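Please have a look at the structure as I bring it up.

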Amino acid sequence: MGRNGLQIKVLGGVTVFEGGHRIEVPGSRKTRALLGYLVLQDRPVTREHLCEMLWPHPDNPRAALRWSLTKLRPVLNAEVEHLKADRTSVAVEGLDDDVDLRRIDRLLKKPLDQVDSADLEACAGLFHGELLEGLEIPDCHRFNEWLVARAEAARRAHRTILETLTSRRADDPDAALVHARARVSLDPIDEGAHVDVVRLLASLGRSAEARGQAERCRSILEVELGVEPGPDLADALQTM
């Protein structure tokens with residue numbers, strides 16, 4: 001872990017914990033966005049790039065960046081100097097798995113058949129919302145474009161984890177159902193997730209709930225996509 005158990009969460013906003021206790025993060029939206037952006041980079045970022053990302057319009061963007069960095073130093077550099085900055089570049093180092101999304105990304109770099117289910121369960125529990133939730137910044141188009149792309153990658157990772165756990169927990173329908181329902185919540189137009197929920201409810205003898213889920217699936221697909229569900233949904237109902 002980082003300094004005395006320093007941990008940073010970027011899924012569902014930006015929060016920082018030290019030794020299990022939440023510590024104050026600067027209130028400035030751009031400073032919190034800067035923190036979230038830096039902890040997800042695997043190499044130093046030039047000051048010029050950071051100014052273009054977050055301060056494209058001020059008369060003195062480098063001064064604005066310096067101000068934000070002074071606010072982040074007490075958060076990141078109390079005992080170990082995680083925030084490294086020189087005249088040309090800035091980096092956050094030495095945290096790695098202490099940043100929730102970096103931990104997830106590292107795990108999913110392995111082939112899934114080499115990843116322990118307990119590790120996947122732990123990572124599934126790290127998703128508490130969208131990446132850097134609430135930190136879209138008007139007029140910072142490059143930052144917002146990065147955020148949209150990075151958030152979509154995080155959603156794909158979440159979906160992959162939930163799909164894998166649903167499959168692996170097939171012999172424990174109650175446990176599998178938790179992950180299948182989470183997939184539906186993550187992406188309500190994911191027909192396969194609905195099918196898994198219906199199939200698992202049917203296997204548990206919860207016929208009324210299974211039929212209700214099937215009807216919700218049909219309604220969502222019709223309203224959102226203008227399509228009917230495929231044959232897998234009806235097949236899942238036939239298992240009752």
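Helix H3, residues 61-76, lies across strands S5 and S6 and runs at about 140° to S5, where the angle is taken on a scale from 0 to 180 degrees between N-to-C directions, with axes fitted as lines to C-alpha atoms, for helices over the stretch in contact, and contact means heavy atoms within 4.5 Å. This is a predicted model, in which local features need pLDDT of at least 70 and side-chain atom pairs count only at pLDDT 80 or more, while totals for chains, interfaces and linings use all residues. Residues are numbered from 1 along each chain as its sequence is written, and side-chain values use heavy atoms, with hydrogens and water left out.

Helices (H or I, at least four residues) and strands (E, at least two) are DSSP runs, numbered from the N terminus. The sheet itself is open, with three strands in the order S4-S6-S5 and antiparallel pairing, and its edge strands, S4 (45-46) and S5 (83-85), each pair on one side only; pairing requires that DSSP finds at least two bridges between two strands. Between S5 and S6 (residues 89-92) there are three bridges in the antiparallel sense, and Leu-83 has Val-92 in S6 as its bridge partner.

Now to the backbone. Most residues other than glycine have a negative phi. Asp-96, in the loop between S6 and helix H4 (100-108), has a positive phi near 50°, and Asp-139, in the loop between helix H5 (117-124) and helix H6 (141-168), has a positive phi near 75°. Asp-96 counts as partly exposed because its relative accessibility is 44%, where buried means under 20% relative accessible area, exposed over 50%, and partly exposed in between, with a 1.4 Å probe and protein chains only.
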